[in-house]
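Open the model in your viewer and get ready to select a few things.

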Amino acid sequence: MTSRHGTSESADALSQRPDSPSPRRRTVVKAAAATAVLAGPLLSAVPARAAEAPVFLHGLASGDPLPDGVLLWTRVTPTAEAIPGSGLGPDTEVSWTVARDKALTDVVAQGKTTATAASDHTVKADIRGLAPATDYWFRFSAGGVDSPVARTRTAPAADASVTGLRFGVVSCANWEAGYFSSYRHLAARGDLDAWLHLGDYIYEYGTGQYGTRGTVVRQTAPAHEILTLADYRARHGKYKTDPDLQALHTKAPVIAIWDDHEFANDSWSGGAENHTEGAEGAWSARQAAAKQAYFEWMPVRPAIAGTTYRRLRFGKLADLSLLDLRSFRSQQVAVGKGTVDDPDRTITGRAQLDWLKAGLKASDTAWRLVGNSVMISPFVIGSLSADLFKPLAKLLGLPEDGLGLNTDQWDGYTDDRRELLAHLRANAIRNTVFLTGDIHMAWANDVPVDAGTYPLSASAATEFVVTSVTSDNLDDIVKVPEGTLTAVASPVIRAANRHVHFVDTDRHGYGVLDITAERAQMDYYVVSDKTSPAATSSWSRSYRTRSGTQKVERTYDPV
């Protein structure tokens, strides 16, 4: 972004930007050099016995639940030198077991495959033939060594009458900015059907370039900005060693989309703000490397190769359209160049927008959820004082001359937004809820057809935006105690954006989305201190949209 900074339906069938890193700060690194830099810190984490037997250092995960199946994932380290991105290590047979019980005595599926250096020794198993809406447990084995046991869950049958669904919702987890306590607290709940990761699962920057309050809480690896396939593999591997992330992956299936930092800041189809063509190689090569590593390291089942847009269904209660808002978008409009209203500019691409519109129109579920990596609700800056406007502009990627919009969000692609919202209104499509990350703040919004006349104009949908797991928000940039700025900034933001019901500019945490036929409710949770591995969690606020209203309202108890 500019700032910061189940039935599967095939898609064809169907900053704080720290001050933008300059080319002088970005270092071009060859893959061999990356491996050499990584060897020390990562090899030290490999038990001595890895020279004799494989180990599962990066946990295991599941994702994209279907009524009859789920995608399982792990990464095996066959030998000590076979660290992520190294290209080293022998072919290794890996087997899996799926059972109805945690002790793995009631086995329902087994299989095996070979992990190779060509896929960075990652393994995926797309299990089918399972029962809908059912808990399963699974593990992997290699060379006589077993992984831990993990839980997963299938989606309800497509025609099932489902009384409720509950999803964890997260985004924007910068390793160097703090600990992933949000993942730990979601894992401890034990009541999730699945969890949604709405983008920025990893960050591409080198160490110290995107920290918190000017500090590095814990150093990432590799230490340089990631550019090559080896780099992206190594960064994914580092993230997958986090114990809180591993814990959440073992408790429920993830449904993930990417945003820009899985590639580079403010990425678009032909480049990125944080990419210097030539000095950092070709964007096409970097993008291809990032995508390859993502699909190797994430339990994601792409409907079209190279994209993350797809659709999952959860009985008659909800379907979930997942968007890819990086692969097809036009370049963000620069200040004084071009117009955000240009109909030739797109954030979705024509094929994806048509797919989304058709899916929303054809949906027969009670709720239509949209996994959306950047905010769709309009946003303008009101009369903020200079001491608040400048850091907020920095966080949102706004020019400090006062232009009130973020061109990396849907605000920069108004023709696509106008077409989509008009489609919802023209076809009387109700109960569309956008689930969004990216902006490092928590929001609850109506999505107006015409923000300029709202609330006189209609609301076409609603939007729940979750804050960041760790990435900098407003109080981090200003370097003041957490929570002190929201009391000042929120009323001003809401006064200038009457469709915004809630905004928390300062705190980190996660959301829990609970859905019934009558309402969709987002409970917002915050963590006590992102720099502490023992951070506690507390409920902050809750908002809901009742069926048929297309509007958000506050509710005073979490589900």
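Start by selecting T74. In this predicted model, T74 is buried, because its relative accessible area is 0% and the cut-off for buried is under 20%. T74 is found in strand β2, which covers residues 69–75.

Now show what surrounds this residue. Leave aside the neighbours within four places in sequence. T74 is then in contact with F56, G59, L60, H121, T122, V123 and F140. Zoom in on G59. Its backbone oxygen lies 2.9 Å from a polar atom of the T74 side chain.

Next, select two helices. Helix α3 spans residues 229–239, and helix α5 spans residues 283–297. How are two packed helices described? By the angle between their axes and the distance between the axes. For α3 and α5, the angle is about 35 degrees and the axes are 8 Å apart. Their crossing is right-handed.

Show the side chains where these helices meet. On α3, pick L229, Y232, R233, H236 and G237. On α5, pick R286, A289, A290, Q292, A293, Y294, E296 and W297. Colour the α3–α5 contact by class: there are seven nonpolar, three polar and three charged residues.

Finally, zoom out to the whole chain. How many helices and strands are in the protein chain? There are ten helices and 24 strands. The chain has 559 residues, and buried residues make up 62% of them. The accessible surface of the chain comes to about 18,500 Å². Carbon and sulfur atoms account for 52% of that surface.

Conventions:
Residues numbered from 1 in each chain as written. Predicted model: local features only at pLDDT ≥ 70, side-chain atom pairs only at ≥ 80, totals over all residues. Heavy atoms only, no water. Axes fitted to C-alpha atoms, helices over the stretch in contact; angles between N-to-C directions. Helix = DSSP H or I, 4+ residues; strand = E, 2+ residues; numbered from the N terminus. Left-handed = near helix turned anticlockwise from the far one by under 90°. Contact = heavy atoms within 4.5 Å. Nonpolar A, V, L, I, M, F, W, Y, C, P; charged D, E, K, R; others polar. Buried < 20%, exposed > 50% of the residue type's maximum accessible area, 1.4 Å probe, protein only. Areas by Shrake-Rupley, 256 points an atom, 1.4 Å probe, with all protein chains shown as cover. Polar contact = N/O pair within 3.5 Å; in protein donor to acceptor, adjacent residues only side chain to side chain.
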